[in-house]
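Subject: Structure handover

Hello,

Here is the structure we talked about. Please open it first, then read my notes below with it on screen.

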Amino acid sequence: MSNKIGFLAVLALVISSQIGSGIFMLPISLAPYGAYSLISWVISGFGAISLALVFALLCAKFPETGGPHIYVKHAFGSTAAFFVGWTYWASSWVGSTAVTVASIGYLAPLFHNDMQNIRLLLEITLILAIMLINLRGITTVGHVELLLMIVKITILFAIPIAALFFFDRNNFIVSEKVSNLTISQIFARSSLLTLWCFIGLETVTASAGSVENPSKTIPRAIVLGTFSVAIIYFINNLAIMGLINGNHLANSKAPYVDAIKIVLPGSWYLIVSIIAFIVSTSSLNAWFLADGQVALGLAKDKLMPQLFAKRNKHDAPFCGMIINMLGILVLLVLTSNKNFAEQVTSIIDVSVVSFLFLYLACSFAFLKVNVQEKNYCKFLIGSVAVLFCCWIIYETPINTLLMSSLFPLSGTLIYLLWYHKATFLKA
């Protein structure tokens, strides 16, 4: 039996890594922008597709396990690759903690919103279940993800189609605070929000070594998957914002629950809890796979201890996965305290910004490896991706940028005490 996955499973991973818990909460943040938010989806979608093309072309050229650090290594050397790989790995498993917390949180209505005593137990159970699935190998993960993707897409098209029957364009209200901004500021700030939903478009590149014909399969899946994600997000936000008055939506705690209450009165809104859980769990499964594959790729390139390269009989990097799981469990225990949870949430938000620097590094790597080919089409794609990342970073508050630097800095000790020392001894 082959331990490699095909196009449909890869496509499922691309879509699931991008569509997570954010789809249920983003309408709240975008409500004050009214109809401007729809344009911001087009802007961020365009930027995401340009980044998808960059990763697609890089993966076609370097179809190796590990993802972003592979491309930076070929362009800028091993030291830069180490810090890019470390930052990507650290940001990913910290983000996985947030998805775990959000996934269980969506089940609260089923427990009459009284689950504080068992919440941590449910979170630990979920992450252990996800790890066990991943320990069965990438083919099992791919099959599970394909099933979850079918359920996810069916639901995320059914809800907005039903909502469109109650659509009212007068519900798009621009808040007074937003109307005082310039057009440039409006689009910049709303696009910052919408871009976050595309974070993860590159995760499947980390598993290139476990994909059938990766130089063709992954590029096609990344581009088609990201385009599909853009359509799904746009349709869902259009429907929800057209269904619920903007002022009410901005103050909503669960917009999809409110939407179901309008479309299907009664207790049908409880189905949203299960839907949100499925969507978030699907995203968590994809991210957990990427965490292990990133660490495996770093170890194969001797950028991390060889412990992370050990695999089980299903060809899964079990040591890396167990370490990831333990790290997530520690954060889950720490975030069981509400006050600390708020602090960790801010750290997780900063981890999202760190991905922008990773995307920028890969975009520069893309330009460098293609500059000698004199392919102006590829150069244009890379330039658009670089400009887009720079624009988003420029619009990000300086304190957030400084905090995001903690991720690469956290790898400095490992670099000095292990990697740099190991390289020196080898030389």
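The largest nonpolar core has 134 residues, and Ile-19 and Ile-23 have the most contacts inside it. A nonpolar core here is a set of buried Ala, Val, Leu, Ile, Met, Phe, Trp, Tyr and Cys residues joined through side-chain atoms within 4.5 Å. Buried means under 20% relative accessible area, exposed means over 50%, and partly exposed lies in between (1.4 Å probe, protein chains only).

Before you go further: this is a predicted model, in which local features need pLDDT of at least 70 and side-chain atom pairs count only at pLDDT 80 or more, while totals for chains, interfaces and linings use all residues. Residues are numbered from 1 along each chain as its sequence is written, and side-chain values use heavy atoms, with hydrogens and water left out.

Ile-19 is in contact with Lys-152, Leu-156, Val-229, Ile-232, Tyr-233, Val-279 and Ser-283, leaving aside neighbours within four places in sequence. Contact means heavy atoms within 4.5 Å.

Helix H1 covers residues 7–18. Helices (H or I, at least four residues) are DSSP runs, numbered from the N terminus. H1 has 12 residues and reaches 17 Å from its first C-alpha to its last, close to the 16 Å expected. That expected span is 1.5 Å times one less than the number of residues.

Of the 12 residues of H1, 10 are buried, so the helix is largely enclosed by the rest of the structure. Among them are Val-10, Leu-11, Leu-13, Val-14 and Ile-15. Ser-16, Ser-17 and Gln-18 are buried too. The cover over these residues includes helix H7 (138–164), helix H10 (214–243) and helix H13 (270–300).

**Aromatic pairs**

Rings of Phe, Tyr and Trp (its six-membered ring) pair if their centres lie within 6.5 Å; planes under 30 degrees apart are stacked, over 60 edge-to-face, and the rest tilted. The count by this rule is 15 aromatic pairs. One of them joins Phe-55 and Tyr-359, edge-to-face, at 5.7 Å centre to centre with 75° between the planes. Phe-55 lies in helix H3 and Tyr-359 in helix H15 (residues 338–370), so this pair ties together parts that are 304 residues apart in sequence. Phe-55 is buried at 0% relative accessibility. Tyr-359 is also buried, at 3%.

**Thr-65**

Thr-65 sits in the loop between helix H3 (36–61) and helix H4 (68–76). Not counting residues up to four places away in sequence, Thr-65 touches Ile-70, Ala-206, Ala-208, Gly-209, Ser-210, Gln-293, Leu-296, Gly-297 and Lys-300.

**Salt bridges**

How many salt bridges does a search of the whole structure find? It finds 3. The rule is a side-chain nitrogen of Lys or Arg within 4 Å of a carboxyl oxygen of Asp or Glu.

- Asp-301 and Lys-73 meet at 3.3 Å, N to O. Asp-301 lies in the loop between H13 and H14 and Lys-73 in helix H4, so the pair ties together parts that are 228 residues apart in sequence. Asp-301 is partly exposed, at 24%.
- Arg-119 and Glu-123 have their closest N and O atoms 3.2 Å apart. They are 4 residues apart in helix H6 (residues 119–135), so about one helical turn separates them. Arg-119 is partly exposed at 26%, whereas Glu-123 is buried at 4%.
- Asp-315 and Arg-311 meet at 3.1 Å, N to O. Asp-315 is partly exposed at 31%, and Arg-311 is partly exposed at 32%.

**Positive phi**

Asn-213 has a phi near 50°, a positive value in a residue other than glycine. Asn-213 lies in the loop between helix H9 (183–195) and H10, and is partly exposed at 45%. Lys-302 has a positive phi of about 60°, although it is not a glycine. Lys-302 is in the loop between H13 and helix H14 (318–334).

Best wishes

Notes. Helix = DSSP H or I, 4+ residues; strand = E, 2+ residues; numbered from the N terminus.
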